[in-house]
4 protein chains.
Amino acid sequence: MHTGDQLSLRAEHLAVRTLGPTTVPSPLDGGLLRRQDTVHYVAETDRVLLDDTLDMAVRRGGATRDLPAFEPGGPRARLFFDPARTGAGIVTCGGLCPGLNNVVHGLVLELFGHYGARSVTGFRHGYRGLTKAGAKDAVGLTPASVDGINGQGGTVLGTSRGGQDPAEMLDTLLDRGIDILFVVGGDGSLRGAQAIADEAARRGAPIAVIGVPKTIDNDLPWIDATFGFQTAFGRAAESIRAAHTEARSTPDGVGLIKLMGRHSGFIACYASLASEGVDVVLVPEIPVILDGERGLLAHVLRLLDRQGHAVVVVAEGAGQELFPPSEERDASGNARLADIGGLLRDRITDHASGHGRSISLRYVDPGYAIRSVPANAFDSVYCARLAQAAVHAAMAGRTATVVGRWHGRFVHLPISLVTGARNQVDPHGDLWLSVLEATGQPVWP
Amino acid sequence: MHTGDQLSLRAEHLAVRTLGPTTVPSPLDGGLLRRQDTVHYVAETDRVLLDDTLDMAVRRGGATRDLPAFEPGGPRARLFFDPARTGAGIVTCGGLCPGLNNVVHGLVLELFGHYGARSVTGFRHGYRGLTKAGAKDAVGLTPASVDGINGQGGTVLGTSRGGQDPAEMLDTLLDRGIDILFVVGGDGSLRGAQAIADEAARRGAPIAVIGVPKTIDNDLPWIDATFGFQTAFGRAAESIRAAHTEARSTPDGVGLIKLMGRHSGFIACYASLASEGVDVVLVPEIPVILDGERGLLAHVLRLLDRQGHAVVVVAEGAGQELFPPSEERDASGNARLADIGGLLRDRITDHASGHGRSISLRYVDPGYAIRSVPANAFDSVYCARLAQAAVHAAMAGRTATVVGRWHGRFVHLPISLVTGARNQVDPHGDLWLSVLEATGQPVWP
Amino acid sequence: MHTGDQLSLRAEHLAVRTLGPTTVPSPLDGGLLRRQDTVHYVAETDRVLLDDTLDMAVRRGGATRDLPAFEPGGPRARLFFDPARTGAGIVTCGGLCPGLNNVVHGLVLELFGHYGARSVTGFRHGYRGLTKAGAKDAVGLTPASVDGINGQGGTVLGTSRGGQDPAEMLDTLLDRGIDILFVVGGDGSLRGAQAIADEAARRGAPIAVIGVPKTIDNDLPWIDATFGFQTAFGRAAESIRAAHTEARSTPDGVGLIKLMGRHSGFIACYASLASEGVDVVLVPEIPVILDGERGLLAHVLRLLDRQGHAVVVVAEGAGQELFPPSEERDASGNARLADIGGLLRDRITDHASGHGRSISLRYVDPGYAIRSVPANAFDSVYCARLAQAAVHAAMAGRTATVVGRWHGRFVHLPISLVTGARNQVDPHGDLWLSVLEATGQPVWP
Amino acid sequence: MHTGDQLSLRAEHLAVRTLGPTTVPSPLDGGLLRRQDTVHYVAETDRVLLDDTLDMAVRRGGATRDLPAFEPGGPRARLFFDPARTGAGIVTCGGLCPGLNNVVHGLVLELFGHYGARSVTGFRHGYRGLTKAGAKDAVGLTPASVDGINGQGGTVLGTSRGGQDPAEMLDTLLDRGIDILFVVGGDGSLRGAQAIADEAARRGAPIAVIGVPKTIDNDLPWIDATFGFQTAFGRAAESIRAAHTEARSTPDGVGLIKLMGRHSGFIACYASLASEGVDVVLVPEIPVILDGERGLLAHVLRLLDRQGHAVVVVAEGAGQELFPPSEERDASGNARLADIGGLLRDRITDHASGHGRSISLRYVDPGYAIRSVPANAFDSVYCARLAQAAVHAAMAGRTATVVGRWHGRFVHLPISLVTGARNQVDPHGDLWLSVLEATGQPVWP
């Protein structure tokens, strides 16, 4: 995401779609809706600024009132749907992420607790659960049935990868009297949500499709951080600690830790900053230089000389430029990543051997362990509040919309905005600078 | 903090003090400083907007370029101090808070690692360590001596409450050749830091005093969240879980949990949102109504009727209006809080008895347990980056300045700005609304 | 428990009661029952020795074959009950203890999984659930309904203190066709179980009553350690760590931690041994000496002189001899303990004041937090295996029997044996010696 | 270990070697040594019975007083070494294990705290640190220098695999005035310790060599459980939980977890019993049957049919009989294990494919993560007490001796006894029976 990209965004790019006029008075208790206009509350009619620096605001030119801004989240005084007659559905898609159950729990509680919704249906195993065949496994969800699920990792609804035919999925929603569909999923799943919303619009079906953005890699743009990310990098930091302990306890010990991150190295960066003793962080956004005086291999040997051990953290998508191009795809249609962990393990060991040095390299790949843990306290709060915001957005008739947090505020974003770009570690940004400072690693390229 | 307060702030209120011209080239590696102007990096000459809503920006009137904004944190190309000749000191003050050791660790690593500072001195036991007598216990800090402290709660430097004579403390700094003093402390300690900076200015001593704001209650304004806050409410949520477990396992079980929060109920709010099963949250910002149909006592009985148990979370500073006024002060000079936990325990039990009901109330006060734990992964990252920012600010000659985070950006704030107001839960804001939604408690008053 | 007590035990004291001949072939898979006679398996006809020292064995006199020994636990080839026609009931009694849900879970799985029992009924809220009124709340338990409860603290069945009329409870069992009752409870509850078994015998009702001994204080005799004890002292050690951190971070800091332990100081001893930095441990079994040169108060001052801080751990039942005798009783009929924590807090502070010293004492009482956490891995295994043993014992027609572990073996013990004495920290034993070595505290009296 | 093996053990096999007469009065405080003869304390002159079942005792024939028994651990009234003139050394060898630092910490505290030893030397990186070259890195250890290490995984002394020349190592000890060497290590390292003790005996050097047995696999015989084992299987259970969560969240999800255990499946068994949802456990002691109606592959498909997912735990040394024999050795000289995890992953996937089924198999290998964590509370206590026992044994002049726990008592064992056999899961024992009951897996062969 470059400055230019953000500069090109105008108010119209940030507007979300609404199903129609909001005419139903909200059943929320008067007290809940008697919000006052304060700096802690963004009124329905206000907007949350896209930019947060003076320079960016000034460079846009024009008047202050034309600065691009997002619609705020939160309860509305008047709704599109009549809650007592509204049926809602929930589906969780794609890879596991800490907090999935918390989002489901929060949606169910808000739908029943404050709005008194007619029913909530949980579709099983991702979009597969919205096919004609899959819908048979759908389950009714109630506050009692979701009691206690916050403490569990995974998703009680199950999940799967891949999309399904939007028309068939819409049929399922219509058959079952679902007025609102909540899709908890990542980039691909949100495109699927958009497709369902588009199909509904085409048929004139007043169905709201609201996305709750999910990506453990934190690679969705215009969102402060996605839910589960803090939990995930906290768990990843434990793996780094284990590898660091091994490396320090062994003569010429090298700890090599591979973490999640196909296109974005956020988990690698944050987990490393959270840990003592990381010497090098490799991310997809920065080319990996192995050879030469300033290359990784020589650097590792210097670290062994200086401190007797070394710890290297690598995101799974880093260093792909070191491999020949490949056309292979995995089940989800993503390019199959080359095995950077294996390459580094071999190259570091061989390089050391070549210098007459027998190192003790431990390769740690925590893999699934990072994404299947229960949400930590921060993510629990975040998921609960995201779920509240999602229900408010849906009841007010927003569709093809995701709820997210921008500069600490809950906002509504068009789905197309968050699936149209990717959030990455900026090689010229604050975060990477902090990593360079903390590790003291060479600045590549 | 009301809208009016924020509206009255102008650019000049956000400007920080600098000791003099920055003429020394930074020793930071070229790569580290070759930042480009991107949305992820705020250049030295740019500013971070105070406001984040369109309405607020528009209401100020005037041109976009006159919007009030903070100086960004981060490394500077040219410095005020010549690092190799610079001696730094660190002092930690006031109550414990998760992350103190991480800040100390981060300061030492940044001072030595990138700037090659001459020396770093740790003063012991808060401002007491800056008195003539106390300074004898000061210790030299090095990367080796702080190795591993991140995993420990508390502060290796020790701490104490209360202030000391600024002139005497400045004498200590001058005697020991300290050019930069880092003060890690809260409201009162930051006033002390201001006093030292003011005394230095009076004497013409070119000493930089940089504050790293510390408050487990998260009650400092113009800062997204203070370090340790996430760890603290995460730990508090465990206590709620214990009380909830007890309450659910017992017929007519009531869990009553008292949490920290003298003036601000953030820990109570966030810990409750992070937990399943909290029925009522009481905070200092909202009056507590005990009696009457909509009062707490009747509500608890209704909860017992409906679900067989009830869980009430109360911040220590809540409900003070229920007690007769008192002039008592504690050792730090703060008004001594009346025992709201004890009052609630007695009143709830008596009220139930009065209705012929023998409840089983468990009163949980985790107290110190919340503030003495090691920082979690998020706070570890935050402390490491705050420490980096603090060193950059100091080397560039900023003084009477705190480093903080605003809308996700590291910024410089005048000490007087953060000690001049208090961050509180806004009864009309988003957070409290989320609490009301999550608990379903009556809206008071 | 003195040597004399153990010496007086003879084979007949260790024999358990059986309802009648075992004539039903066990449905357990042939493989499960084709155990061979190895040192890892005690055959049905073998016995587990009471004594583990040569001296004790020799002092008994007589032949080796007359050494007193327990009946081993484990599956039997032939049963008293016909599993497919057997209804079982479960009740959890008294205070919470980590592992209660694991025992319930294990009982349900074993009853259905291997024996194919007819039904399992969960009685709610302790013995109250076995009264005529309370039995209305009883719930059917199945593998599906107990799925996931192992990760939760507390007990899904609820609990309460106090006994009920054995005749009324037996009526409930007979009314509901319960053949086997599992009672998970402590000293008092096990006496209640004995009373039900006795009443059943009196009426000639072939009902098996099996106790699963529960005491977080580990104060039941002839059992290696009770379930939940390891989890509990591990959690208590965290509280000690918090207090230690506070004490070390403050000049003249004193950490005072009160832990559970009415009559037995096991939690205090083990939690202290598990923690660094405990200076004094006070337990009910050893008188507390406050005054004089070798007293606690002078010792604490010496610790402050030597190391700048002090950490004191006290079991709630310690030092009762320092208070005037009282006749007060709590709801369970136990003598109300005098507040040793408060006394120590005041006396230590006053003594220091008297010596012109202003100490900073933090009093930590983790209370319920220790007993409401989920079982750790060890206790999870232990509970699962205890539950298996309990089901085997019941199916074979044992009654008025508890299952326990002795020298690492699962055994059957008569209820009367474990309720007839109390397990305590022996002032002359190995454990207390280890505590004295680890703390370096004065040897009292 | 079969019954026959244990039956063949006689009193003489259990006797440990002593350097000479004990003539030095112990400096331990009178109180510490005024132990009385109780069931909780085994006097110096008493013995701990080898057998714990009546049948075993009877089968030996002979008088009760001839039952084989171990020498108890604990402090002696008279010592062989004069503590104030005694220098001790510590070395940690082989793979990491939770608790290594606790043992080092405990040794240092006991040596200085109660005995006032002259010096304690830490040799670095295993036996490599006892070579002439390696000894240069040796460090002095004091209570201050080991402060806080209990909370860290790994070993502050470092470790390495493989042995060194006993004569050279003895030279190092003599050069440095080491009277007592504590070796914390496994099977191979303990043989090395025996060799040093033998070499010392050969030269007439009065040097005590005491082993603290370390094996994360718990595969040393005549020891209840080795330190770190509980921590290790607790951590392993977390990995199982992650895999279980993944499997349950996915249609036809299979979780496959590989755990440590070359020759003994204790970690696999205990970690599985500690977890909900394990369907199959494979250990080295029991052949793995893949094919046929009762084979693993068919069983997994049946599990998927019945419950929609399956969880399989495999010890790294299981199923080796499925591979062609190999002569490969690893660096420590152990036979290189064939990759059972990879084989199962492929065979299960292929078998399902062959039945037209596309499963989603997640393979989890927590590897080093299990052994590098800090000791849990139980292991912390155990290590502290083992260290105390080791120092007592050494001061009393025992050599070629390990300290261990048998039936809950601390005892002295000849090194040759514990290195001469291997502790394994008995296919006919209680533990495996519990696993079969908990999983419901087929009984092989």
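How many bridges join strand β6 of chain A to strand β9 of chain A? In this predicted model, local features require pLDDT of at least 70 and side-chain atom pairs pLDDT 80 or more, while totals for chains, interfaces and linings use all residues. Side-chain values use heavy atoms, without hydrogens or water, residues are numbered from 1 along each chain, and chains are lettered from A and ligands numbered from 1 in the order written.

Strand β6 (residues 87-92) and strand β9 (residues 180-185) of chain A run parallel and are joined by five bridges; within β9(A), L181(A) is the bridge partner of G89(A). Strands (E, at least two residues) and helices (H or I, at least four) are DSSP runs numbered from the N terminus, and pairing of two strands requires at least two DSSP bridges. In chain A, nine strands form an open sheet of mixed pairing, ordered β3-β4-β17-β16-β10-β9-β6-β7-β8. Its edge strands, β3 (48-49) and β8 (139-140) of chain A, each pair on one side only.

The same surface serves both, as 100% of the contact residues of chain A (contact: heavy atoms within 4.5 Å) recur in chain B.

In chain C, G234(C) is found in helix α7 (residues 229-248).
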